[in-house]
Amino acid sequence: MNECLQTIQNYGLRAIGIGERLLPRGEFTLCEQFTLIGSGLIWNVYFAALALFIGFFLANLLAVARTSHSRLIRKPAEWFIFIFRGSPLFIQFFLAYEMLVKLPRAGIDVFGITVETSWMTRAWAGALLVLVLNTAAYSAEIFYGALRNLPKGELEAADAYGMTGWTRYRRVVWPTAMRLAWPAYTNEAIFLFHATTLVFFSGFPAYQQRGDALYYASYFADKTFNPFIAYPIVAVYFVLLTVCLIGLFGIVNRRLNRHLPGATKKIRYRPNLIR
């Protein structure tokens, strides 16, 4: 027990640069595998949390742009959504990495100021950018569908109250669209969290051997020649965090539907088998 506590102290935060720098060698204990893989999971949570947060606002802008009557606003949004939904996320990682690598190492001059660009080739920045753009495209399509299927009665009630423009959108259109889109958006959030494991296979390098959960699972599997311990540990961690994610989004869903009968109904996770 004391040895396991010492292992947690040494490696619990190794993925973010706190604790032992060298990975354990020789006989690997179950505690070491759980600790290091859990440490790497910090990066998966980082990618998912920031991508969802930034992508949510970008998706709303794209969804509104798709409903615009102006082609100059609508068409760029449509093409953005089409490109990122029409191409595999794995390919997007590689294309983004190659494009970012092509940037000048000395930086780019912007109005006489040299802007450093080498940091964009790191996983914490470049891979995050790809995940933000990808989830924004999928989420925008979900939100756009909700905006297109708003109950006419609520819109007519807003018009009867004299609501127009931003007031109408903020008080009626957007809350109703979120209420309609939230179950599907929950599935998108879960998929994005699972998709963070693809960062390990992308061209974006981990900084100073501080990788995600799959990085450490691969290390243990290679050293022990036994993938049936490390990879199931990753799966257990992801299942537990997925349950937490469903619970968190369920709280938001109940908040959005608090004024409706049966608002306590839980969200059911219905995974997309093909995407």
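User: Which residues is T121 in contact with, leaving aside its neighbours within four places in sequence?
Analyst: In this predicted model, T121 is in contact with Y97, L100, V101, F204 and P205. T121 itself lies in the loop between strand 2 (113-115) and helix 5.

User: Why does T121 count as buried?
Analyst: Its relative accessibility is 17%. Buried means under 20%, so T121 counts as buried.

User: How do you know that the span of helix 4 (residues 89-101) agrees with what it should be?
Analyst: Helix 4 has 13 residues, and at 1.5 Å a residue these should span 18 Å. The expected span takes one less than the number of residues. The end C-alpha atoms of helix 4 are 18 Å apart, which agrees.

User: Which residues of helix 4 are buried?
Analyst: L89, Q92, F93, A96, Y97 and L100 are buried. Seen down the helix axis, the buried residues fall within an arc of 130°, so they line one face of helix 4. In general, an α-helix has 3.6 residues a turn, so residues three or four places apart point the same way.

User: What covers the buried residues of helix 4?
Analyst: The cover includes helix 3 (71-86), helix 5 (123-148) and helix 7 (165-195).

User: What nonpolar patch do L95 and M99 form on the surface, and with which residues?
Analyst: L95 and M99 form a nonpolar patch with F90, I91, F94 and F201. Together these residues have about 570 Å² of accessible area.

Definitions and conventions
Residues numbered from 1 in each chain as written. Predicted model: local features only at pLDDT ≥ 70, side-chain atom pairs only at ≥ 80, totals over all residues. Heavy atoms only, no water. Helix = DSSP H or I, 4+ residues; strand = E, 2+ residues; numbered from the N terminus. Buried < 20%, exposed > 50% of the residue type's maximum accessible area, 1.4 Å probe, protein only. Arc of directions from axis to C-beta. Contact = heavy atoms within 4.5 Å. Patch = residues over 30% accessible without salt bridge, like charges linked within 9 Å, V, L, I, M, F, W, Y side chains within 5 Å. Areas by Shrake-Rupley, 256 points an atom, 1.4 Å probe, with all protein chains shown as cover. Salt bridge = Lys/Arg side-chain N within 4 Å of Asp/Glu carboxyl O.
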